[in-house]
Structure formats: structure tokens, C-alpha cells
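The sequence and structure are shown first.

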Amino acid sequence: MVEQNLPCTREEASQFDFWVGEWDLTWAEGGKGSNHITKILGGCVIHEAFDGTPSMPLKGISVSTFDVSAGLWKQTWVDNSGGYLDLVGGMEGDRMILVRDGELKGQPIKQRMVFYNIAENALDWSWERSDDNGATWTVLWQIHYERK
């Protein structure tokens, strides 16, 4: 017997489905890369495999899941530079926003990624930083996604 209302079948658990697929990426100054996004573990986890080549050596993976008890998406990112990020958030209107607290030169900062202009075969993504606890944000990196 299959249990109804499984956490991974909740409506919120499909909010990140727009990201699933094979993507060609472009960013400023001719930057190019790719991203491979799949649903794994019975559809409960979104798995990302980012490859910044040929423009940069950065490669990384993330796993994201909707935490029913918190009512938030949670993502963990690791990469080949030793980077580790943990973010939380969710849909805010027509944008997916995941945020984390960080530190820069001993000072507290906030960092976030924003998925926006979401369409069937394209979307935009930005990595942003706030030095004033989220009152204002500075865009540090923007990537344009085109579905392969």
C-alpha cells in the first residue's frame, strides 16, 4: 500500500522542478559552463552538477530538498575549491531565493542566490551579498541559463 501525502509529493516539493534539466550557462565577459540538474532519491532531492569549464576550473555539486517541518527549501553546496555553503529559503512570488549567513573579513554578511525570469527553457540566477543584514543587496555573479 502506498502512503498518501508523502512529504516529497507535497506541492512545495515541486517548486524547484523548473531547474531540472540540462543547461548551457553564460555569464559576463564571455563566461560559459553547464549545469546538470536531476531529481534523485525518489524525487525528494534535487541534485546539481555544475561545471564552469571552459571558462573557469570551478566544479561543484549541490543537493536540495524541501524540509516539511521547517517549511523551507534547504540546499548544501560543495565544490573543488573546498567551498561549502548551506542555504535555506523558498519561493517568494515568482523568484526562488535561498539565503545564508556568512562572514567576510570578520564581519557578518548575508549571501543569497536568486532564481528569476523563470521560463520553460531559460532562467536567470544571481549570487548576491548584503553587508547590512539584508536591507540592500549587491549582485556579485549573474548566470543566464538556456535549456540544452
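In this predicted model, the largest pocket is lined by 18 residues. Those nearest its centre are W77, L85, W125, W127 and W141. The strands β3, β5, β6, β8, β9 and β10 each contribute at least two residues to this lining.

The structure also holds one cavity of 30 Å³ or more. The table sets out the volume and lining of each space.

| Space | Volume | Lining by class |
|---|---|---|
| Largest pocket | About 330 Å³ | twelve nonpolar, four polar and two charged residues |
| Largest cavity | About 50 Å³ | eight nonpolar, two polar and one charged residues |

In soluble globular proteins, nonpolar side chains tend to be buried together. The largest nonpolar core here comprises 25 residues, and among these F16, W19, F115 and Y145 touch the most other members. Two or more core residues come from each of β1 (21-27), β3 (45-51), β5 (72-79), β6 (84-92), β7 (95-104), β8 (107-116), β9 (122-130) and β10 (138-147).

Which residues does W19 contact, leaving aside its neighbours within four places in sequence? The contacts of W19 are N35, I37, I46, E48, S62, S64, Q75, F115, L123 and Y145.

Definitions and conventions:
Residues numbered from 1 in each chain as written. Predicted model: local features only at pLDDT ≥ 70, side-chain atom pairs only at ≥ 80, totals over all residues. Heavy atoms only, no water. Core = buried A, V, L, I, M, F, W, Y, C linked by side-chain atoms within 4.5 Å. Buried < 20%, exposed > 50% of the residue type's maximum accessible area, 1.4 Å probe, protein only. Helix = DSSP H or I, 4+ residues; strand = E, 2+ residues; numbered from the N terminus. Contact = heavy atoms within 4.5 Å. 1 Å grid on protein atoms, 1.4 Å probe; cavity = no way out; pocket = protein on both sides within 12 Å on 5 of 7 lines; lining within 4 Å. Points joined across faces, edges and corners; volume = space filled by probe spheres on them. Nonpolar A, V, L, I, M, F, W, Y, C, P; charged D, E, K, R; others polar.
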